[in-house]
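Hi,

Here is the structure I promised to pass on.

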Amino acid sequence: MVVVGYKRNSACTDGAELLVKRPENGDIICAESPVPPQFSIATEAQGDSVGTCPKKAFLLLRVGSAPATRVDDDAIGRAFASRTSDIQVEGEGTVIRLLPDDQNGPRHQRFIVQLASGQTLLITHNIDIAPRINGLEVGDSVRFNGEYVWNAKGGVIHWTHHDPQGRHVTGWVAHNSKTYK
């Protein structure tokens with residue numbers, strides 16, 4: 001991927017020139033460059049993906065090009081880019097890492113998923129309230145509904161279960177045709 005500027009001679013504030021080309025899905029754009037018409041920001045670029053941009057950069061997607069399963073992931077990307085927390089989201093990702101259960105306070109099954117956009121999320125599934133997700137392995141696909149909390153690594157999804165007191169939206173995790181809530 002390359003950092004692109006939409007207009008010729010686009011530059012970041014430090015004067016660094018950006019490669020100017022016709023943008024495509026999946027390109028990275030410097031946060032200080034205008035978003036090209038018919039594109040939207042999918043998520044904030046991280047790590048080596050920011051290329052030559054010295055500050056913040058974003059992943060571009062052509063408006064209307066994302067498949068239906070990505071719509072909710074776009075909401076997660078926007079929440080990450082704007083550092084928004086405490087919003088109910090739904091998405092789908094691939095398990096890239098299984099973590100030990102959190103045993104402090106209520107017990108949580110923890111794992112990291114990667115969305116189609118490349119963004120990663122920590123899922124913390126309360127196993128004192130909801131059943132453990134059986135047979136979960138790296139490479140598995142999961143769908144989820146829960147509350148998003150921003151962090152610099154992509155965010156955390158919690159409340160993936162029912163609320164025994166009925167005051168919070170019921171969340172869930174779906175794996176291998178079974179829903180855990």
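Buried here means under 20% relative accessible area, exposed over 50%, and partly exposed in between (1.4 Å probe, protein chains only). Helices (H or I, at least four residues) and strands (E, at least two) are DSSP runs, numbered from the N terminus. This is a predicted model, in which local features need pLDDT of at least 70 and side-chain atom pairs count only at pLDDT 80 or more, while totals for chains, interfaces and linings use all residues. Residues are numbered from 1 along each chain as its sequence is written, and side-chain values use heavy atoms, with hydrogens and water left out.

Let's start with strand S8 (120-126). In S8, 5 of the 7 residues are buried, which leaves the strand mostly covered. S8 pairs with S7 in the antiparallel sense over 7 bridges (strands pair if DSSP finds at least two bridges between them), and Leu121 is the bridge partner of Val113. The two strands form a hairpin with 5 residues between them, and Gly118 in the turn has a positive phi of about 100 degrees. S8 also runs parallel to S10, joined by 2 bridges, with Ile123 opposite Ile157.

Then there is the aromatic pair, 1 in the structure (ring centres within 6.5 Å; planes under 30 degrees apart count as stacked, over 60 as edge-to-face and the rest as tilted; for Trp, the six-membered ring is used). The Phe80 and Trp150 rings are stacked, because their centres are 6.1 Å apart and their planes at 20 degrees. Phe80 is buried at 2% relative accessibility, whereas Trp150 is partly exposed at 23%.

Happy browsing!
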